[in-house]
Amino acid sequence: MLLLERAYAKVNLTLDVLERRPDGYHEVDMVMQSIDLSDLVWLERRSAPTIVLESNATYVPTDDRNLAVQAAQVFLQETGIVAGVHINLEKNIPVAAGLAGGSSDAAATLRGMNRLFNTGLTLDELAEMGAKIGSDVPFCVYGGTAIARGRGERLTRIDHRCHMYVLLIHPRVFVSTADIYQGLNPSDFTDEPLSTRMVQALLEEQVDVIPGLVDNRLQPVTFAMYPEVQQLSEKVEMVTRHPVHMSGSGPTLFLLAPTIQQANRMYNALRGIMRDVYFSQFVGTVSSLANLQSRPE
Ligand code: C5P
């Protein structure tokens with residue numbers, strides 16, 4: 001039986017850093033939003049107790065540096081199942097890009113293995129497993145919208161009806177999340193996170209206000225380390241005359257548009273002058289995307 005799980009990318013609508021923790025992580029407060037740009041994770045059970053990963057992308061590791069392989073390892077360990085899995089990863093989300101592509105592949109692997117092996121674990125239980133793999137994995141297990149606190153694994157899920165289009169521009173720079181967090185100064189920390197205002201705007205569907213509320217405390221660090229990303233951001237802003245944002249630790253830049261007409265205008269203007277522009281949109285939780293809930297044949 002071959003089983004498919006979609007792994008959705010995310011953007012950060014806000015990202016505030018509160019403090020550096022003794023364990024080396026940072027206490028964050030961020031609003032995460034799933035978008036429909038996705039990888040496809042195909043899973044097949046193997047009787048041999050080994051995990052094999054293949055991918056259409058030659059640049060992703062196929063060994064246990066890959067978060068999907070780590071997810072399969074954690075799943076088999078925690079459930080005590082003696083079997084293996086074959087993972088075929090169809091990559092569409094740029095890697096090391098601030099879009100949680102690797103984390104989402106891991107989350108999809110957990111959801112998919114739960115179906116493949118009929119283990120009946122809840123999303124909460126899968127999210128707990130996900131926290132062992134990476135800070136963004138729990139959010140990716142559910143998808144949709146959430147405020148993420150702690151190191152990113154403590155979630156308050158937000159159910160809003162606000163729909164927006166998202167244009168992504170990937171600057172073809174690979175950024176290490178650890179390096180960016182390391183580059184923060186104490187003056188970058190805040191105790192007044194912007195998530196409350198953002199969530200209010202989402203709940204009230206203030207689509208014209210939301211682009212102006214997007215903010216990311218890691219952006220100045222990434223821009224300082226990679227001036228070419230800042231230059232690209234300025235160019236995008238000049239061409240579109242709209243505020244440009246960065247997702248996660250970057251380097252992916254994004255713009256939000258409330259209507260498809262505005263999104264199309266921005267997309268066409270950008271496509272004429274740069275590569276790696278993606279057209280996407282907000283999506284809800286994985287449970288609200290009905291086709292994913294169907295049991296395998
Ligand atoms: O949790 P994850 O493995 O995705 O994090 C990658 C790195 O990013 C961590 O090793 C840490 O250096 C940094 N990080 C952090 N604070 C967070 C999340 C990540 O300092 N809240």
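Me: Which residues account for 73% of the contacts in the protein with a separation of 6 or more?
Reply: Residues 24 or more positions apart supply that 73%. Two residues are in contact if their C-beta atoms, placed from the backbone, lie within 7 Å. This is a predicted model, in which local features need pLDDT of at least 70 and side-chain atom pairs count only at pLDDT 80 or more, while totals for chains, interfaces and linings use all residues. Residues are numbered from 1 along each chain as its sequence is written.

Me: How does the radius of gyration of the protein compare with that of a compact globule?
Reply: The rule, applied to C-alpha atoms, is 2.2 Å times the number of residues to the power 0.38. For 297 residues a compact globule would have a value near 19 Å, and the protein has 19 Å, so the two agree. Along the principal axes, the C-alpha atoms fill a box of roughly 55 × 45 × 40 Å.

Me: How many helices and strands are there?
Reply: There are 10 helices and 11 strands. Both are DSSP runs numbered from the N terminus: helices (H or I) have at least four residues, and strands (E) at least two.

Me: Why is Asn118 called exposed?
Reply: A residue is buried if 20 or more other C-beta atoms lie within 10 Å of its own, exposed if 12 or fewer, and partly exposed in between, with C-beta atoms placed from the backbone. Asn118 has 8 such atoms within 10 Å and is therefore exposed. Its place is the loop between helix H2 (101-116) and helix H3 (123-131).

Me: What makes Glu205 partly exposed?
Reply: Glu205 has 15 C-beta neighbours inside 10 Å, and therefore counts as partly exposed. Glu205 belongs to the loop between helix H6 (195-203) and helix H7 (210-213). Across the protein, 45% of the 297 residues count as buried.

Me: What is the phi of Asn118, and what is that of Glu205?
Reply: Most residues other than glycine have a negative phi, and most peptide bonds are trans. Asn118 has a positive phi of about 50°, and Glu205 has a positive phi near 55°. As for peptide bonds, the one from Gly250 to Pro251 is cis, with omega near 5°. Pro251 lies in the loop between strand S9 (245-246) and strand S10 (253-257).

Me: How many bridges join S2 to S5?
Reply: Two strands pair if DSSP finds at least two bridges between them. S2 and S5 have 4 and run antiparallel, so they pair; Met32 has Ala146 as its bridge partner in S5. S5 (residues 145-149) is also joined by 4 bridges to the antiparallel strand S6 (residues 154-157), where Ile147 stands opposite Thr156. S5 and S6 form a hairpin with 4 residues between them, and Gly150 in the turn has a positive phi of about 70°. In S5, 4 of the 5 residues are buried.

Me: Which residues are around the ligand?
Reply: Among them are Gly24, His26, Asp136, Arg151, Thr177 and Tyr181; the criterion is a C-beta atom, placed from the backbone, within 6 Å of the molecule. Strand S2 (26-46) and helix H5 (177-182) each give two or more residues, and H5 gives the most, with 3. At least three residues come from each of domain 1 (2-159) and domain 2 (165-281), the bounds being from an automatic or database domain assignment.
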